[in-house]
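Subject: Structure for your review

Dear colleague,

Please find below the structure that I promised to hand over to you. I would be grateful if you would read the notes that follow with it open beside you.

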2 protein chains.
Amino acid sequence: MASRTRKVFLGTFIYSKSREELSYLVNTAVCVDESGKIAAVREGCDRAKVEAEVLPELGWSLEEVEVRACEEGQFFFPGFVDTHIHAPQYPNVGIFGKTTLMDWLSTYTFPMEAKLAAVDQARRVYTAVIRRMISHGTTSAAIHAARGVESTNLLADLCLSLGLRALVGRVCMDEKRTCPDFYCDESPEDSVLHTRACIAHVQEIDPGFEMVKPVITPRFAPSCTAAALGLLGELRKETGLPVQTHISENAGEMALVAELFPDVKDYATVYDVHGLLGPDTILAHAVHLSEDEAALIAERGAKVSHCPSSNSCLTSGHARVRWLWDRGVEVGLGTDMSGGYSPSVLENARQASLVSRHVAVGIPDGPEKERAKLTVEEVLYLATRGGARVMGLGERVGAFEVGMEFDAVLVGLGLVGEDGVAVGEGNVDVFGWETWEEKIAKWLFNGDDRNCRAVWVRGTLVHERA
Amino acid sequence: MASRTRKVFLGTFIYSKSREELSYLVNTAVCVDESGKIAAVREGCDRAKVEAEVLPELGWSLEEVEVRACEEGQFFFPGFVDTHIHAPQYPNVGIFGKTTLMDWLSTYTFPMEAKLAAVDQARRVYTAVIRRMISHGTTSAAIHAARGVESTNLLADLCLSLGLRALVGRVCMDEKRTCPDFYCDESPEDSVLHTRACIAHVQEIDPGFEMVKPVITPRFAPSCTAAALGLLGELRKETGLPVQTHISENAGEMALVAELFPDVKDYATVYDVHGLLGPDTILAHAVHLSEDEAALIAERGAKVSHCPSSNSCLTSGHARVRWLWDRGVEVGLGTDMSGGYSPSVLENARQASLVSRHVAVGIPDGPEKERAKLTVEEVLYLATRGGARVMGLGERVGAFEVGMEFDAVLVGLGLVGEDGVAVGEGNVDVFGWETWEEKIAKWLFNGDDRNCRAVWVRGTLVHERA
């Protein structure tokens, strides 16, 4: 990360006050200290007032402060949080044919991940995917790497140098019955040994885990032996590190779990009995959970990464976000590349809106059908504050509040002139009569990376469009 | 349209040979005559061979010919066909809240359409939407205008001057029980009179209907009296003009049709008994058709515009494209802005792929579940050749074949360098090892207007990215 200075951001700030509501702070100043933390948020404040009142209160001098003001129509939004993404699969985005999970893994995914044992190839792919993620406004991500220690460590290095806040996990997979010969850990001990090597590396490059943190990553129950799951559970207890894995994505996968773990009650319990289910556990998908599983997950405080684009592409089914919320489970969004095709969390917020309507299609007329649908505000919560909570960053990022770190996107929309010609990059056409709520809806549905004019992580500029 | 010259296009040409298969013509020359028609398609042909062999055969001299060659990695694809779009609703894209069809119409749609009675406003909106459509590679569109004659005529003028091939229809809606006071035709005769005025205007500006053609447009059965439908059916018989309308989008709408037309067997039959169902009829949505209705539509040769984005946004349900095809109904894609949020037919092809998977989720395991899913090839067929057939343009556009007119997009994808930095605009990252089929899949899922480097309609360049 670049060297830090104190900064003042001026203009409109929009963020999730709650699941249901966005805060719109106009004419506001957000002051960010040299560590990237928000030191003050002052509404009804212009540049003059910042200079006359706010800086003196903070004891900051004007000379040492960088000021960045929104242009007309622009606003700051919290950086997006991608709670589930497989970096080595990036070259496969959009390529999935008619497969579903298990044949998708063997046809496309394992061969691609195995390819990245070549570190040069890994560098190329990881650089490309991190750059894309940041350009779409992603500032934090929980990332599944591949099996290789060297390439996983490289991924952590690149997150740090390119400025992406990340959980980085080397995938563990030692079950000979389900993993291909060319892509399988030798033993349960091997899974743990390699994971420890990756943890040690991150401890070296980011000792306080300020930006990058290791995450214990059993790929998913069907690819791990009970012995490996148990050892990884012990490692979790020993290190206090978070865990990420998959759950109940697809019917074939669930049948396989029942077959491989015949004595365990259900899929969620497989993780629980091996000590892998806790408040820092991220479970991707959770499409087909039973009531008992949802109750167990809520009790443990484990979190869910909803991956709407992936679930639709791989015909996995329709995850029920409202249903999960009703049961007390925190939810964020995952791009799940390359099960999902897009590096954009905004695109996945859009897809979450659509998938919630597909859930509603399957519910008889009545209040539950209506409730199943997610609002614009709710999917943007999933994309930011919800995701931050899923990643264990709920106190640190996802909103513009004093004490939080400044992870933000400066969003600019297009404006249609009187002659019908749009000014500004991208596909969001504002005519001028829209409310802020309507502009946000337009951005959600037609926005892309062109609307992410600049991106900051911990107060440091990590991306800017020319 | 600009003045015409003979042109030779060189490089890779990809188009739907059939529903199931794309043709990949590499090292190919496509020669386009001064009227925009394809005069020759020659595979295994470079610039030298064009000069030495093809031009002499055609009797064309080198001096009079413009040559446009693909750059490395680029390809020509047929222009997209949008078989259902409401131009006056464009400012509302993305704004739909939790509404479904009937409350969406009253809350957002009728007020916006009524606003465009102001011709200056209409000019601004129509210019913006046509420019967006073309920039996304749309070369033909079946457009619902608003109620106003003057604004509808302006829309036809703009399609002609900006170079969009279009069916332009003034919406007819005279049913006082369902249309708001501020937005309703005075009488059935009024609906026809205004439609005739719009037909007369197009006859003046494009006498042969070469680029723009009027289309008889009863909004949908619930907004028209039986008298108006009957008169519009007679107008169809008299003029031989095409018809566009909506069918079976939503449960509330279907109930209303049953209530308003209690003596008619079903929704499709309402159109049929009024003489509105024929080979030139475009029926948007068709989500909830019965077997009898599908059989009637197939028998009449009427076509369906599938609007996946809109159907998902408005929780209308999952239209079954395979089911329609199995029953002999031709299908194209509609963006249905602003029920759908995107001006892009490519985005709707992507959504058609996803929606077909949502259809599959609802089908028990077995071959029908698998068949329900649409392939990359099939959704691109819907977006081009299928759409052309729906619009009555099947002999004229949608492929690169001798005798057809040259409506095309030059597509460019991005290339990831060895350093992981992508070269080229847009989000499609090619690593270099992909097959053509894989590159097409990547484009389908992550492509946007940035990949549409240039667009031609009838051989005339109508859009080019700097």
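A salt bridge is a side-chain nitrogen of Lys or Arg within 4 Å of a carboxyl oxygen of Asp or Glu. By that criterion, a search of the whole structure, which is a predicted model, finds 70 salt bridges over all chains.

One of them pairs Glu238(A) with Arg196(A), with the closest N and O atoms 2.7 Å apart. Glu238(A) belongs to helix H6 (residues 226–239) of chain A and Arg196(A) to helix H5 (residues 188–205) of chain A, so the pair ties together parts that are 42 residues apart in sequence. Glu238(A) is exposed, at a relative accessible area of 52%, whereas Arg196(A) is partly exposed, at 38%.

A second example involves both chains. Asp429(A) and Arg132(B) meet through their side chains in a salt bridge of 2.7 Å, N to O. Because Asp429(A) lies in strand S19 (residues 429–430) of chain A and Arg132(B) in helix H3 of chain B, this pair joins two chains. Both partners are buried: the relative accessible area is 5% for Asp429(A) and 11% for Arg132(B).

Arg450(B) deserves a separate look. Its side chain meets that of Asp448(B) in a salt bridge (2.8 Å, N to O), and Arg450(B) also forms a salt bridge with Asp448(A), where the closest N and O atoms are 3.7 Å apart. Arg450(B) is buried, with a relative accessible area of 3%; Asp448(B) is buried as well, at 13%. These residues take part in a network of salt bridges whose members include Glu425(A), Arg465(A), Glu425(B) and Arg465(B).

Turning to the contact between the chains, 63 residues come from chain B and 63 residues from chain A. Together the two chains bury about 5400 Å², 54% of it on carbon and sulfur atoms. Lys98(B), Arg124(B) and Trp433(B) supply 15% of the area that chain B buries against chain A, more than any other three residues. Between the chains there are six salt bridges and 39 residue pairs in polar contact.

Finally, which charged residue is buried yet has no salt bridge? This is Asp174(B), whose nearest side chain of opposite charge, Lys176(B), is 5.7 Å away; the cut-off for a salt bridge is 4 Å. Asp174(B) lies in the loop between strand S9 (171–172) and helix H5 (188–205) of chain B. Its side chain makes a polar contact with the side chain of Thr225(B), at 2.6 Å.

Yours sincerely

Technical notes:
Residues numbered from 1 in each chain as written. Chains lettered and ligands numbered in written order. Predicted model: local features only at pLDDT ≥ 70, side-chain atom pairs only at ≥ 80, totals over all residues. Heavy atoms only, no water. Helix = DSSP H or I, 4+ residues; strand = E, 2+ residues; numbered from the N terminus. Buried < 20%, exposed > 50% of the residue type's maximum accessible area, 1.4 Å probe, protein only. Lys, Arg positive; Asp, Glu negative; His and termini not counted. Polar contact = N/O pair within 3.5 Å; in protein donor to acceptor, adjacent residues only side chain to side chain. Contact = heavy atoms within 4.5 Å. Buried area = accessible area lost by both parts, 1.4 Å probe.
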